[in-house]
Amino acid sequence: MRYLLPSLVLVALMAMLMLRGYVHNEIDSDQTGARPPVDQGTVPAAVREGGPVIDTRDPKKPEARHVKDKHVVITFDDGPDPKWTPKVLDKLKEYGAHGVFFVVGSNATRYPDLVKRIVDEGHELGLHTWNHPDLSYKTRDGIDSQFSRNQLALAGAAGVHTSLFRPPYSSFAYAFDDASWPVAQYVGELGYLTVVNDTDSEDWKRPGVKEIIKRATPKTTKGTVVLMHDSGGDRTQTVAALDQFLPDMQKRGFKFTNLTEALGAPSAHSPVTGAELWKSKAFLAAITVSDGITDVLTYGLAIVGSLVIARFGLMLILSFVHARKVRKRGFRWGPEITRPVTVLVPAYNERECIANTVRSLMSSDHPIEVIVIDDGSTDGTADIVEQMRIPNVRVVRQQNAGKPAALNNGIRHARYDIIVMMDGDTVFEPSTVRELVQPFGDPRVGAVAGNAKVGNRDSLIGAWQHIEYVMGFNLDRRLYDMLGIMPTIPGAIGAFRADALHRVGGMSEDTLAEDTDITMAFHRDGWKVVYAEDARAWTEAPESVQQLWSQRYRWSYGTMQAIWKHRRAFIEKGPSGRFGRIGLPIVSLFMIVFPLLAPLIDIFLIYGLVFGPTGKTVIAWFGVLMLQVVCAAYAFRLDKEKMTHLLSFPLQQILYRQIMYVVLLQSWITALTGGRLRWQKLRRTGVVEAPGALPGQRREEERWPVG
């Protein structure tokens with residue numbers, strides 16, 4: 001169930017995009033243009049030589065009818081258009097004229113108010129298909145689909161259906177041929193009149209106002225159907241032509257009427273009521289929502305694109321500066337730290353790996369004392385450590401109270417003024433502690449983040465996390481170090497001044513991310529928090545999607561809790577205010593908001609592949625991917641990692657990012673609904689090794705339940 005809601009949100013977003021693509025000329029659209037003319041052997045002579053209104057409702061007696069003398073039926077194709085249709089309607093209203101608007105269904109869904117205005121002002125509507133294809137290319141099912149969607153749009157917008165139809169790319173009755181005539185016949189079977197024209201203004205060519213009027217004007221006093229357009233481009237000349245054409249023709253005694261009036265026939269409109277009307281309105285409502293969501297997603301994508309470029313550019317620059325600073329010959333944080341330090345190892349049911357962890361510490365080249373805080377283990381974890389009988393290793397037992405309580409207990413028992421914290425399933429290299437504590441030579445430094453490495457990187461999901469740790473965590477830490485806003489000392493490897501820990505009240509149980517919480521507390525207390533790249537700890541990453549979900553769900557939710565807990569820093573003064581106004585927004589953006597928007601890149605990739613433009617979409621997506629590859633390769637170079645693991649990077653971006661998105665979305669939902677999240681149980685294999693550590697054994701780890 002925990003996967004269901006965020007997955008449904010993702011599916012809903014995709015559905016809205018697909019609906020938009022479906023209705024707005026982006027699928028099944030006019031890709032072919034008009035068909036070249038063919039023979040006319042099957043077209044009755046009476047049709048080719050008759051009027052512009054083709055009536056094939058009686059297949060045995062097809063007719064081509066003229067409108068009444070002195071009647072002009074002025075028609076407008078391809079609308080509605082938000083700019084030009086209102087101008088056309090204004091001119092018709094000004095001169096008391098009526099006409100027929102042959103609307104494209106997909107445009108009608110975008111501008112339903114204009115469709116309603118057309119009807120309200122006494123004009124007739126006609127179908128011009130859903131998205132303007134040449135119907136001679138369509139099967140009967142395809143024609144049915146075009147008509148039903150077109151009618152659905154009209155009903156939703158104006159509450160009517162129409163019996164008028166104009167084929168895209170049509171012209172005069174004499175132009176019917178053996179390809180277009182079967183369409184007219186089938187349309188008649190469906191109950192429609194097919195309307196072409198007597199005069200064509202050719203306004204779409206924009207030949208000039210005088211030329212438009214000349215081509216639209218009938219040569220005699222016979223009734224005429226005039227073709228114009230209210231969409232499809234700049235219609236300035238069309239509107240200007242109407243301003244002369246309408247009064248000039250009226251002075252000659254012509255009357256501008258609807259088609260059915262000019263034929264002496266009943267109205268083409270039939271009202272839609274009941275369930276059919278509500279279905280049509282629901283259809284339009286869904287499209288409106290999809291348009292709104294798509295617009296938001298489009299803006300979101302633009303924001304994401306800008307953030308991707310800005311973030312990675314900033315990461316590359318500041319990571320380079322950080323590496324140059326700490327690797328410079330003779331660089332020192334201050335006086336060398338050689339005095340002993342305390343290492344705290346909180347443990348809960350760590351039977352299969354605690355010995356491995358302790359032995360790795362015993363190989364340290366820096367003097368340490370080790371305190372293993374057994375948090376009510378039921379598997380003999382404390383007994384194993386005691387039986388090892390290693391000098392400078394103490395066991396502190398307590399009833400199960402949770403990791404923060406275990407760490408606070410360890411702090412109370414610590415003998416030295418620098419305290420290193422690590423997880424019970426982590427191993428250190430011999431130089432790790434020494435490298436980790438050197439920044440304390442700077443008296444302004446209160447805490448140090450180490451370099452957490454994924455040990456089990458041979459599996460696919462392990463390799464993905466390895467990439468994430470090197471690029472997403474360690475490269476970020478260099479950036480945060482340079483900005484002075486390090487958000488998290490990793491639980492696997494971190495060091496703190498003991499007096500600073502006491503000043504901020506120790507490890508808090510207020511959040512599920514006690515490492516982030518304590519780090520933010522240090523910033524607010526005025527301490528510097530830095531990154532020691534050579535202090536490496538090897539930890540075991542989750543090896544299944546479910547375990548990864550549990551871990552990252554807790555991390556994401558805990559980070560949100562910590563940001564909310566320290567929100568007052570935004571309005572405070574001094575170091576706390578600096579972190580609040582610089583650190584909290586950047587951390588929130590990079591760790592909470594940005595990952596939530598990042599999948600838009602992949603969503604629009606799918607959208608672009610389905611609806612186009614495919615080439616540009618693929619190029620844009622690969623451009624973003626290559627930017628990330630460059631950053632990942634640079635991060636691997638800084639960490640002196642093998643580049644072969646980056647072979648799985650493209651797949652990580654496609655699949656792993658979606659998992660993280662759903663996890664983060666679920667965390668948002670939990671936070672917004674006031675839900676509570678408890679510590680999760682993670683299974684480990686205990687296979688992680690580091691130089692100087694003994695091979696791991698298989699085990700299962702039960703992560704802290706809060707006692």
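The model is predicted, so local features need pLDDT of at least 70, side-chain atom pairs count only at pLDDT 80 or more, and totals for chains, interfaces and linings use all residues. Residues are numbered from 1 along each chain as its sequence is written, and side-chain values use heavy atoms, with hydrogens and water left out.

## Helix packing

Helices (H or I, at least four residues) and strands (E, at least two) are DSSP runs numbered from the N terminus. Axes are lines fitted to C-alpha atoms, for helices over the stretch in contact, and angles run from 0 to 180 degrees between N-to-C directions. Angles under 35 degrees count as roughly parallel, over 145 as roughly antiparallel, 65 to 115 as roughly perpendicular and the rest as oblique.

The axes of helix H5 (residues 112–120) and helix H6 (residues 140–158) come within 8 Å and cross at roughly 75 degrees. H5 is therefore roughly perpendicular to H6. On the H5 side, Pro112, Val115, Lys116 and Val119 meet Leu154, Ala157 and Ala158 of H6, where contact means heavy atoms within 4.5 Å. Sorted by class, the contact of H5 with H6 has six nonpolar, no polar and one charged residues. In this scheme Ala, Val, Leu, Ile, Met, Phe, Trp, Tyr, Cys and Pro count as nonpolar, Asp, Glu, Lys and Arg as charged, and the others, Gly among them, as polar.

Helix H11 (residues 274–326) and helix H16 (residues 460–483) also have axes that come within 8 Å, and these cross at roughly 70 degrees. H11 and H16 are therefore roughly perpendicular to each other. Residues of H11 in this contact include Arg311, Phe312, Leu314, Met315 and Leu318, and those of H16 include Met471, Leu475, Asp476 and Arg478. By class, the contact of H11 with H16 has eleven nonpolar, two polar and five charged residues.

## Aromatic rings and charges

The structure holds eleven aromatic pairs. Rings of Phe, Tyr and Trp (its six-membered ring) pair if their centres lie within 6.5 Å; planes under 30 degrees apart count as stacked, over 60 as edge-to-face and the rest as tilted. Two of the pairs are set out below.

| Pair | Geometry | Centre to centre | Angle between planes |
|---|---|---|---|
| Phe245 and Phe256 | edge-to-face | 5.8 Å | 75 degrees |
| Phe331 and Trp333 | edge-to-face | 5.3 Å | 75 degrees |

Phe245 lies in helix H9 (residues 236–251) and Phe256 in strand S11 (residues 255–256), so their pair ties together parts that are eleven residues apart in sequence. Both Phe245 and Phe256 are buried; buried means under 20% relative accessible area, exposed over 50% and partly exposed in between (1.4 Å probe, protein chains only). In the other pair, Phe331 counts as partly exposed at 29% relative accessibility, and Trp333 counts as buried at 19%. Elsewhere, ring pairs link Phe147, Phe165 and Tyr192 into a cluster.

A charge sits over a ring if NZ of Lys or CZ of Arg is within 6 Å of the ring centre and within 35 degrees of the ring normal. The charged end of Lys70 sits over the ring of Phe254, 5.0 Å from its centre. Arg311 lies over the face of Phe590, at 5.1 Å from the ring centre. Arg311 also belongs to the H11 side of the contact with H16.

## Buried elements

Val196 lies in the loop between strand S8 (193–195) and strand S9 (199–200) and is buried, with a relative accessible area of 1%. Leaving aside neighbours within four places in sequence, Val196 is in contact with Pro52, Arg166, Ser170, Ser171, Phe172, Ala173, Phe176 and Val225. The C-alpha atoms of Val196 and Leu227, 31 residues apart along the chain, are separated by 8.1 Å.

Helix H12 (residues 354–362) is mostly covered, with seven of its nine residues buried. Among the elements covering its buried residues are strand S13 (341–347), strand S14 (368–375) and helix H13 (381–388).

## Backbone geometry

The loop between strand S3 (71–77) and helix H3 (84–94) holds Pro80, and the peptide bond from Gly79 to Pro80 is cis, with omega near 0 degrees. Asp78 is found in the loop between S3 and H3; its phi is near 80 degrees, a positive value in a residue other than glycine. Asp78 is buried, with a relative accessible area of 15%.

Glu202, in the loop between S9 and helix H8 (209–216), has a phi near 50 degrees, a positive value in a residue other than glycine. At 22% relative accessibility, Glu202 counts as partly exposed.
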